[in-house]
Amino acid sequence: MASILILLFVFLTGSVCSQKVCSYQEVLDYLHLTRDNEVYTSTRPVLDYKNPTVVRLDITLYAILAVIEKTQTFTPFIWVMLKWNNERISWDPSQFCGITELSLPKEMLWRPDLLIAEMTEMDNASQSPYVYIYYDGNVTFEEDLKVVSTCKMDVHKFPFDTQSCNITISSVIHNINELRLVPSSNSSRVTQFSRRVMQTQGEWDFLNMCVTNNTFIIGPEQWDQIIYTITMRRRPVLYIVNVLLPIWFFMCLDVASLFISENGGEKLSFKVTVMLSVTVLQLILNDILPSTSNKIPLIATYCTTIFALMLLSLLETILVMHLMEKDSRSQENEETDCRTAKDFDRNTDLPTAHKGNKGKELKLIPADTSKLATLWTREVLQTQDEWEFCTVKVTNSNSEDVPDGEPDKPHVGLLVVILGVLREVKRTLETRGAKMSKGKVLNLKDKINGNELDLSLCNLSEVPVKELAAFRKATVLDLSCNNITSLPPEFCKLTHLVKVDLSKNQLTCLPDDLGNLGNLQHLDLYNNKLPGLPVSFSQLRNLKWLDLKDNPLEPELAKVAGDCLDEKQCKQCASKVLQHMRDVQEEVDKAREKRFLKEREQEKKKEAKQREREAKEREVRKREKAEEKERRRKEYQAQMDALAAQEHQRKKKEEKKKRIGQAAEKKAAVESAPKPRRSVIGLLFKLLLLLLLGWAGAVAACQLTDLRKEMACVPVNTALEEGLSWVRRQEVVVRQLVQDWSTMAKELLESTQASKN
């Protein structure tokens with residue numbers, strides 16, 4: 001009993017078992033994971049090279065920093081998280097005090113070589129230097145990036161447009177057999193999380209982010225890629241307030257300017273100022289919109305339309321001001337003429353009709369008769385041109401003719417008036433004659449003689465083809481000694497011509513369809529500036545006579561043409577030149593045929609490439625359909641698994657509710673039963689037993705394990721040894737007590753048996 005109390009005292013006075021201290025370095029030492037160990041950095045972390053490394057990728061959009069339409073660039077700020085499994089990393093957390101994860105520098109492990117295809121500038125910001133590894137081999141790497149990428153934008157509906165930009169992530173060197181890319185989250189989850197953590201959007205409103213996973217083919221190999229499509233909508237309030245409404249206000253001001261008076265230049269200057277204001281806004285739009293676009297932006301059409309309407313309004317104002325200025329000028333001229341006539345009448349004492357103070361009326365009587373006025377006019381009229389002067393008729397105020405005969409009183413004033421009228425008539429006739437002389441057309445009827453039309457020495461610079469086409473009987477045409485530099489293409493339609501003389505002109509080339517003149521037999525091109533002849537010249541099969549001297553011909557053609565000094569040489573020139581041009585025509589035809597064959601071969605190659613491309617596209621579409629079918633099958637299987645899991649969860653909940661109900665019923669039955677009375681001695685005995693068990697466990701731990709060398713076990717071991725030594729010293733007393741107890745027991749048994757007997 002004394003030994004039990006001693007052991008209880010030792011246990012209560014502080015025999016405490018301390019825990020083992022663990023560190024991350026022990027895990028790294030266990031894995032042999034150091035900076036110099038190339039096993040973890042040089043190759044993919046797989047034990048069998050045939051097994052691909054599955055990389056799970058997740059992207060979160062934190063902010064839309066910039067969208068520049070001019071350069072077609074999109075700059076988002078994203079958070080990228082990568083997860084993959086390293087088959088060389090594994091440890092038991094129970095051996096390292098429950099350590100399940102730790103962080104270490106990313107240079108110590110292999111990482112997938114992922115690339116953003118649309119990125120145009122590298123992110124110079126500091127990157128995350130660590131990765132997390134877990135006891136089961138999973139590796140997690142997180143990093144934030146500022147991506148400056150290209151984005152094909154459609155600004156047709158600017159500023160009410162919606163843009164979609166892609167972020168395509170794929171491996172650089174690892175194909176689908178070595179590395180597989182799998183998105184960690186679907187489109188809805190990525191969109192919801194991005195909206196929750198979005199910091200800034202600027203003028204753009206983030207709509208959604210779509211995640212697609214596909215493969216692309218380069219040669220015989222395939223690569224995995226994940227495409228994140230970010231869709232955003234522009235907030236147009238700023239552009240409506242700063243661009244659209246001001247342009248509309250300027251249009252209203254231009255319409256209101258119709259109520260401004262035309263006198264002076266205020267209205268014109270006001271309209272010009274408004275147009276300049278619209279031009280400034282167009283310059284602002286030019287800095288925003290891209291230089292090239294598949295469609296014209298609607299806002300540009302809007303601004304251009306309003307600018308055109310304002311331009312028409314400005315032109316209308318200029319026209320009205322011009323007409324008003326012309327009208328005012330004519331009124332001033334009339335007032336000046338009236339003032340001059342009055343001064344003339346005052347100086348010549350010409351009587352006018354008026355009423356005196358006494359009511360007497362004076363009458364104006366013509367001083368000259370019609371016959372005398374006609375004679376005077378014929379005397380002073382110097383020229384009539386194509387107009388013939390007839391007579392001058394003089395009437396009084398009652399529209400009665402003045403009788404012929406001697407006038408009562410010759411009057412000089414009337415003659416002066418008649419002379420002025422005649423001058424105006426002469427000026428009008430001269431002006432009309434000048435206009436008619438300008439519009440006068442060459443009369444070909446005077447130039448034709450039988451079947452010969454002679455237009456030589458007419459100073460012509462162009463051939464009157466339309467007029468010549470009307471004279472089909474004129475088969476001989478002479479256009480020599482003019483200033484003709486070229487023949488129009490319509491000249492080749494004059495197929496009725498047999499002889500044409502174009503010598504001593506300035507011809508530098510002949511039309512390409514000259515061979516259409518199939519009836520041409522005689523052609524004179526002497527003294528022109530022709531370097532060569534058209535290829536169709538070989539079609540002039542009826543040509544018998546040709547003169548090409550004094551032309552800067554090509555050496556070969558000049559050698560064939562000869563000198564052309566007489567009739568015989570001109571005929572030889574025609575035959576030789578035709579033969580030469582036929583040879584040239586054959587060479588041209590051969591070159592054309594070669595070119596045609598070459599183009600045909602190129603077309604065949606293009607068709608073959610097109611068929612090959614179509615076959616590849618069909619193969620890709622077939623593969624995509626198969627992948628889509630497999631994806632749908634997996635989705636269906638996932639849905640069925642989810643339904644089965646839900647059903648299993650429901651059954652577990654029902655069983656759990658049933659067990660809870662049964663336990664509650666048992667508890668109620670136990671509570672309703674009478675509770676036994678607990679004695680104090682029983683509780684003390686249980687407590688003593690519990691303490692003995694704890695002390696025995698502590699003694700066993702300090703004696704049988706490696707903890708006996710710890711400081712906490714030293715007092716326990718000391719107390720145990722002292723207790724054992726004390727027990728050995730009390731061994732005699734214990735034996736005597738045992739003998740006494742055995743003797744008493746024997747006597748008690750004997751007395752019991754005797755009483756029974």
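**Ground rules.** I am working with a predicted model, in which local features need pLDDT of at least 70 and side-chain atom pairs count only at pLDDT 80 or more, while totals for chains, interfaces and linings use all residues. Residues are numbered from 1 along each chain as its sequence is written, and side-chain values use heavy atoms, with hydrogens and water left out.

**Entry 1: salt bridges.** I took a salt bridge to be a side-chain nitrogen of Lys or Arg within 4 Å of a carboxyl oxygen of Asp or Glu, and by this rule I noted 18 salt bridges. Helices (H or I, at least four residues) and strands (E, at least two) are DSSP runs, numbered from the N terminus.

I looked up Arg180 and Asp224, whose side chains meet in a salt bridge at 2.6 Å, N to O. Arg180 lies in strand S10 (residues 179-183) and Asp224 in strand S12 (residues 221-234), so this pair ties together parts that are 44 residues apart in sequence. For accessibility I used relative accessible area, where buried means under 20%, exposed over 50% and partly exposed in between (1.4 Å probe, protein chains only). Arg180 counts as partly exposed at 33%, whereas Asp224 counts as buried at 3%.

Entry 2: Arg234 lies in strand S12 and Glu203 in the loop between helix H3 (187-197) and strand S11 (204-218), so the pair ties together parts 31 residues apart in sequence. Arg234 is buried at 3%, and Glu203 is partly exposed at 28%. I also found that Glu69, Asp161, Glu203 and Arg234 are linked in a network of salt bridges.

Entry 3: Glu654 and Arg650 meet through their side chains in a salt bridge at 2.6 Å, N to O. Both lie in helix H11 (residues 567-672), 4 residues apart, which is about one turn of the helix.

**Entry 4: two helices.** How do the axes of helix H12 and helix H13 cross? The axes of H12 (residues 680-704) and H13 (residues 714-729) come within 10 Å and cross at roughly 105°, with axes being lines fitted to C-alpha atoms, for helices over the stretch in contact, and angles running from 0 to 180 degrees between N-to-C directions. H12 and H13 are therefore roughly perpendicular to each other, a term used for 65 to 115 degrees.

Methods. Parallel < 35°, antiparallel > 145°, perpendicular 65-115°, else oblique.
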